[in-house]
Amino acid sequence: MSDTEALEFLDDVHRAPLFMPGHWVQLGIAEPESDALIGDIGLYLSEDGAAGEVGFTLQPASQGRGVATHAVREALQLFFSATGVARVLGITDERNIPSIKLLERVGFKFIESRQVVFRGEPCTERVYALPRNDG
Ligand SMILES: CC(C)(COP(=O)(O)OP(=O)(O)OC[C@H]1O[C@@H](n2cnc3c(N)ncnc32)[C@H](O)[C@@H]1OP(=O)(O)O)[C@@H](O)C(=O)NCCC(=O)NCCS
């Protein structure tokens, strides 16, 4: 997208209310030193408010330092405290090793594999879940 479209998108997500049932919300990941935007975390709250889903992206130059793991942990803490979700799913292509490692570092457990077609290509998704920890 153009820079103008990107700025409009950032402005929109900046104003979006957090955790509306049936909607995704995007949170920015900031570079710890400079506060520059280096990635994002998507959080989806189901229509009935009982379940959630998470997705994440970090720009390549910022990877390999644990920043995404730290940001996802913090975002999930906020999500669990601000909503009543019983568990959050993380769904990733089985070839996406960095994503699988991140989910497992954060404490997600593997539930199942499923065959899907993504952007016209058959692939295997791995579904992970993190239950609410009330302890
Ligand atoms: C998924 C993604 C965010 C993971 O990025 P990442 O940099 O590997 O994750 P982190 O920032 O948590 O860094 C973890 C890495 O830093 C290392 N690390 C260094 N210090 C660390 C610390 N203090 N804490 C945790 N990890 C640390 C870890 O060992 C790990 O490296 P390794 O995989 O070689 O063992 C990134 O690959 C990405 O944006 N991919 C494209 C988008 C995508 O596929 N998203 C998932 C869709 S479901």
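**Strands, a loop and a ligand**

Colleague: Which residue in strand 4 is the bridge partner of Ala51?
Modeller: That's Arg87. Strands here are DSSP runs of E, at least two residues long, and helices are runs of H or I, at least four, numbered from the N terminus. This is a predicted model, where local features need pLDDT of at least 70 and side-chain atom pairs 80 or more, while totals for chains, interfaces and linings use all residues. Numbering starts from 1 along each chain as its sequence is written.

Colleague: How do strand 3 and strand 4 pair?
Modeller: They're parallel, with four bridges (pairing takes at least two in DSSP). Strand 4, residues 87-93, is also joined to strand 6, residues 121-131, by seven bridges, and those two run antiparallel. There, Ile91 sits opposite Val127 of strand 6.

Colleague: New topic: where is Leu18?
Modeller: In the loop between helix 1 (3-15) and strand 1 (23-30).

Colleague: Why does Leu18 count as partly exposed?
Modeller: Because it has 13 C-beta neighbours inside 10 Å; 20 or more would be buried, 12 or fewer exposed, with C-beta atoms placed from the backbone.

Colleague: What is Leu18 in contact with, beyond four places in sequence?
Modeller: Val25 and Ala82 (contact means such C-beta atoms within 7 Å). Phe79 is 61 residues away from Leu18 in sequence, yet their C-alpha atoms are 9.1 Å apart.

Colleague: Last one: how many residues surround the ligand?
Modeller: There are 17, and Gln63, Gly66, Ala68, Thr69 and Pro98 are the closest.

Methods:
A residue is near a molecule or strand if its C-beta atom, placed from the backbone, lies within 6 Å of it. Two residues are in contact if their C-beta atoms, placed from the backbone, lie within 7 Å.
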